[in-house]
Amino acid sequence: KTVEYLDRLMEGGSLSRAEAEPASEFFYQIALTHKNLHLFDEGIRYSRRSIEISRSLRNSASRVSLGLSMLADLYRLTGEPERALHTIREAQSALQQANFPGEAARCSARITLLWREAKILGGADGLSLNRPAEAIAVLQEAFDVTEEWARDDPEGSWSRLYFASLGRELGELLRLRNPQKALAIYDQALLRLHEIRDNPEARRGE
């Protein structure tokens with residue numbers, strides 16, 4: 001239904017910024033929903049529509065980067081890891097030009113892109129380019145960014161929730177190569193998650 005309404009809106013010609021920004025966001029969320037339902041081709045189509053709308057706007061590098069990041073993940077899931085890597089690098093270039101309302105939003109966007117790049121290079125499971133050493137380096141960068149963010153925001157939960165996925169993925173990649181380092185990563189992730197009180201997502205992460 002949402003797509004039908006958006007199509008009707010876009011039939012009217014050029015969108016104003018007030019129309020285009022939410023339209024791009026809606027298409028991104030629709031793409032994410034299709035990805036989670038394993039309807040990857042539809043997810044690719046809606047990601048491209050989100051990116052196309054975002055590119056028509058000024059100062060929209062953050063939205064372009066987000067859409068490209070989603071598209072890269074979908075290319076990985078459909079067995080095109082080289083194309084996925086090219087797309088995630090394009091997303092990172094766009095991110096460098098982006099403006100954010102605050103440091104938390106900037107860190108979150110950067111961590112998301114690093115996470116997806118690592119999965120493309122050599123995730124612990126799923127389709128990848130089977131380059132685990134490079135994936136470890138990228139995940140370590142994401143882990144370090146998250147740790148710095150958490151230190152700068154001692155009461156924040158947003159940064160700490162990232163430790164569940166980052167710690168699990170990085171630890172799994174390190175487990176057979178450097179078990180002591182893997183254990184240190186798991187311990188640090190658990191420590192940060194434990195700092196979040198009364199949060200079911202944090203408890204699941206632990």
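Start with H1 and H3: H1 passes H3 in a left-handed crossing (the near helix is turned anticlockwise from the far one by less than a right angle). The model is predicted, with pLDDT of at least 70 needed for local features and 80 or more for side-chain atom pairs, while totals for chains, interfaces and linings use all residues. Numbering runs from 1 along each chain as its sequence is written, and side-chain values use heavy atoms, without hydrogens and water.

Select residues 2–10 for H1 and 40–55 for H3. Their axes lie 14 Å apart, at an angle of about 35 degrees (lines fitted to C-alpha atoms over the stretch in contact, angles from 0 to 180 degrees between N-to-C directions). Helices are DSSP runs of H or I, at least four residues, numbered from the N terminus.

Show Val 3, Asp 7 and Met 10 of H1 with Tyr 46, Arg 49 and Ile 53 of H3. These make the contact (heavy atoms within 4.5 Å).

Next, select H6 (residues 103–122) and H8 (residues 158–174). Here the angle is about 15 degrees and the axes are 12 Å apart. That makes H6 roughly parallel to H8 (angles under 35 degrees). The crossing of H6 and H8 is left-handed. Residues in the contact include Trp 115 and Lys 119 of H6, and Trp 158 and Glu 169 of H8.

Finish in H4 (residues 61–77) with Arg 76. Arg 76 counts as buried, at 7% relative accessibility (under 20% relative accessible area, 1.4 Å probe, protein chains only). Its side chain reaches the backbone oxygen of Leu 127 at 3.3 Å. Beyond neighbours within four places in sequence, Arg 76 touches Ala 84, Lys 119, Ile 120 and Leu 127.

Methods. Helices (H or I, at least four residues) and strands (E, at least two) are DSSP runs, numbered from the N terminus. Angles under 35 degrees count as roughly parallel, over 145 as roughly antiparallel, 65 to 115 as roughly perpendicular and the rest as oblique. Buried means under 20% relative accessible area, exposed over 50%, partly exposed in between (1.4 Å probe, protein chains only). A polar contact is a pair of N or O atoms within 3.5 Å; within protein, one must be able to donate a hydrogen and the other to accept it, and residues adjacent in sequence count only if both atoms are side-chain atoms.
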